[in-house]
Amino acid sequence: MCRCRWILALPDDRKQSGQSPRAGFLSRLRAKLNAKAGWLGQDLRDFVPGGRIDEDTLEELEARLVMADVGVSATSRIIAALEKRLVRRELGDVDALRAGLRQTLLDILEPVERPLVPDSSQGPFVVLMVGVNGAGKTTTIGKLARRFLSEGRTVMLAAGDTFRAAAVEQLQAWGERNRVPVIAQQPGADPAAVIFDAYEAARARGIDVLLADTAGRLQNQQGLMDELTKIKRVLARKEPTAPQEIMLVLDAGLGQNALSQAEKFNDALGVTGITVTKLDGSAKGGILLAIADRLAIPVRFIGIGEAAEDMQTFCATEYVDALLDGRTANREGAHS
Amino acid sequence: MFENLSGRLKEALGNITGKGRLTEANIKDTLRQVRLALLEADVALPVAKAFIERVRERAVGEQVAASLTPGQALIKIIHGELIALLGGDAVELDLKARPPVVILLAGLQGAGKTTTAAKLARRLQEKNKKRVMLVSVDVHRPAAILQLEKLAAEIGALHCASSADEEPVRIVERALAEVRQSHADVLIVDTAGRLHVDEDMMDEVVAVHGAARPHETLFVVDAMAGQDAVNAAREFDERLPLTGMVLTKADGDAKGGVALSVREVTGKPIRYLGVGEKTEALEVFHPDRMASRILGMGDVLSLVEEIEGKVDRDKADKLARKLRKGRSFDLADLRDQLEQMLSMGGLAAMLDKLPLPGGVNASALKSDAGEKQIRRQIGIINSMTPGERRHPKTINGSRKRRIAEGAGLPVQDVNRLLKQHLTMEKMMKKMSRGGMKKLLRGLPPGGVPPGLG
């Protein structure tokens, strides 16, 4: 299932020169998810005194999951799955518990591991970025632009956030950095018109990927959600399959409201992919599990830092192993 | 989800038996539900645990007042503890210092610092009549400085220009000189968003803080933030330290449990709520409202308010007096009633408390009587002239069309509202012959919901 299992075969992926960027990303992900008072940062062993797995162990694990923003209902389901294993006496020691937990988390996350592969054979592949205010849409566009360029695709940006002051200039700065064209209009312009124009321009110039920014909006603001459906409608008039990707950007620091965001954006637009940003804080992004458990929307990318290389395709095993394997991080220090 | 929790909680409350005294045994189940509700609202787990422990200590052995059920008594304790934890009364910024008073905003990326800077400036200009200067030391995010400059122009605040090649500390020093020269009262310093685990960036904000020597240092935090927000708040507080907090994006549907967490961890008051995209959308934080929201139980908590006599008796009494004097229940009165209902979490919440006759389909009523519907009705009444509100009979066809246009709704909606009002008016007239005041007291706050008359 996972296309990145080879990475796990790498010996000990600490920061070494000469390793592949992907492996470097994994070790950084691991270190970051377990930095400071990490989730399982002190390792599973530490809260299994004597190595006996019992109800208390699971209760402690339950607390850890909740503190990672997995949410009450997804956590209950995970713990219930482990309880079944416990009853069947499959959780004899810490390693069995780790394996059981790993498998349970993977069962939830593997179905949503579906990387984005833009198909530009029918004209520009349009990625419409949506999300609440401050999720990191514009920054993600900057990083994705770099990524698609490095894959040999041509990229154009559309400044669809015509509301926030200087949002256009922010996107233009990313355009300059990546040397890609940015289609923009004056502040207050109709975002649907801006993106439509950008689509026309992209098609005329034979561009592969059009990354369309939109203003941040809270999912309960119906008028603003309607604005997004209008963008979708207007684009579809030109090309029925566009926008091919409607990408919801979620901040890893979000709590249970992320579920409401995923649900409401999905209801309004049909979200086709999720990108999780800012996983480099001490937040664990457990909302990923909550959302995967409920909605099964593909998770495309996760971001763990400022650099463009810090945005990588989501891989369930990587993420789960980074969460579970606290030992690397402990050895590397970062202990508060 | 929220309905579930609120439902489960109510069930648990109903199950508290053994009237007279709260015991460890009879509150256990309820406290478990409250704990879950807190966690679902993103209250940090350690904070939720400590909170439940405090409630348990206060509750066990508590004598239940004769007028209350044990469940109500427990809710009263929970509500009280929540408010106490959130900080009692609203605390506004302390501006009583020698000008220029410096306010520094700090927080994670995307929390809403720049927008908050503009909102705060506007508020201080309009409410406190201060001359405000804004400066951005965000040399990291592209166009962040330009964003603040544009916002400053929009609200008519002074702006100290800065550029992305400058050192943040240098910018602050220059801004301090400039603000003195321009005799502005307040300087608001907007910093770059940063993660609390990023050592270099934390050092930078400490340096900026040292140079600015702010009178107020506000931590800007997203109301939608999860469990990890406490770690960020703690780190910022240890490094800076903070004097208060601003909770942003509170107009979303997040329950905002983070308010409880950051307050508990830092002990600093939450000063403002950001409640919208526009620069005027900044409100003073009210702990009691937040308490209701976090538990997501406006209806249950309003029962407590009833107990505590906090219900808006004044308006009810006024209406009762008016009706006794033989004057009719006009559209302005209806608006008062609707507004009270809104503040109580809408009709749906109230319906749950009303003993409905068997044949009434409560869920059908609810879908029709949501908060949106009430807001629309208020909108219609707001589109009328005071004369029309007092004398609904004068509203003819052309007036109806004008009102409908003003409210942005079809004329049918206006007709429906007028008909509803007529029914209620008739009912009120009937009641006013009997002991109106007594009757109102027996009803839930907000009086009779329209449509049930």
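Analyst: In this predicted model, helix α12 of chain A is followed by A:Ala296, whose phi is positive, near 55°. The helix itself spans residues 287-294 and is mostly covered, with six of its eight residues buried. Those buried residues are A:Ile287, A:Leu288, A:Leu289, A:Ala290, A:Ile291 and A:Ala292. In general, an α-helix has 3.6 residues a turn, so residues three or four places apart point the same way. In α12(A), the buried set includes A:Ile287, A:Ala290 and A:Ile291.

Elsewhere in chain A, A:Arg146 belongs to helix α7, which covers residues 137-150. This arginine is partly exposed, because its relative accessible area is 37%. Apart from neighbours within four places in sequence, A:Arg146 is in contact with A:Asn178, A:Ala308 and A:Glu309.

Another part of chain A shows how two helices pack: α5(A), residues 72-87, meets α6(A), residues 94-109, at an angle of about 135°, and their axes are 10 Å apart. The two are therefore oblique to each other, and α5(A) passes α6(A) in a right-handed crossing. On the side of α5(A) the contact is made by A:Ile78, A:Ala81, A:Leu82 and A:Arg85, while α6(A) contributes A:Gly100, A:Leu101, A:Gln103, A:Thr104, A:Leu105 and A:Ile108. Sorted by class, the residues of this contact are six nonpolar, three polar and one charged.

In chain B, where the model has 21 helices and eight strands, two further pairs can be described in the same terms. Helix α8(B), residues 199-212, packs against helix α9(B), residues 229-239, at an angle of about 45°, with the axes 10 Å apart. That angle makes α8(B) oblique to α9(B), and the crossing of α8(B) past α9(B) is right-handed. Their contact is formed by B:Glu199, B:Met202, B:Asp203 and B:Val206 of α8(B) together with B:Glu235, B:Phe236 and B:Arg239 of α9(B). These residues divide into three nonpolar, no polar and four charged.

The other pair consists of helix α5(B), residues 113-126, and helix α6(B), residues 144-155, whose axes come within 10 Å and cross at roughly 20°. With an angle under 35 degrees counting as roughly parallel, α5(B) and α6(B) are therefore roughly parallel to each other, and their crossing is right-handed. In α5(B), B:Thr114, B:Thr115, B:Ala117, B:Ala118, B:Ala121, B:Arg122 and B:Gln125 meet B:Gln147, B:Leu148, B:Leu151 and B:Ile155 of α6(B). By class, this contact has six nonpolar, four polar and one charged residues. For chain B as a whole, buried residues make up 53% of the 453 residues, and among its contacts with a separation of 6 or more, 74% join residues 24 or more positions apart.

A word on confidence belongs with the reading of chain A. Its mean pLDDT is 85, and 84% of its residues reach 70 or more. Over residues 1-18 of chain A, however, pLDDT stays under 50, and the model has 37 contacts beyond four places in sequence for that stretch. Residues 327-336 of chain A also stay under 50, with 20 such contacts in the model. Where pLDDT is low, the predicted coordinates should not be read in detail.

Note on methods: Residues numbered from 1 in each chain as written. Chains lettered and ligands numbered in written order. Predicted model: local features only at pLDDT ≥ 70, side-chain atom pairs only at ≥ 80, totals over all residues. Heavy atoms only, no water. Axes fitted to C-alpha atoms, helices over the stretch in contact; angles between N-to-C directions. Helix = DSSP H or I, 4+ residues; strand = E, 2+ residues; numbered from the N terminus. Parallel < 35°, antiparallel > 145°, perpendicular 65-115°, else oblique. Left-handed = near helix turned anticlockwise from the far one by under 90°. Contact = heavy atoms within 4.5 Å. Nonpolar A, V, L, I, M, F, W, Y, C, P; charged D, E, K, R; others polar. pLDDT = per-residue confidence, 0-100. Buried < 20%, exposed > 50% of the residue type's maximum accessible area, 1.4 Å probe, protein only.
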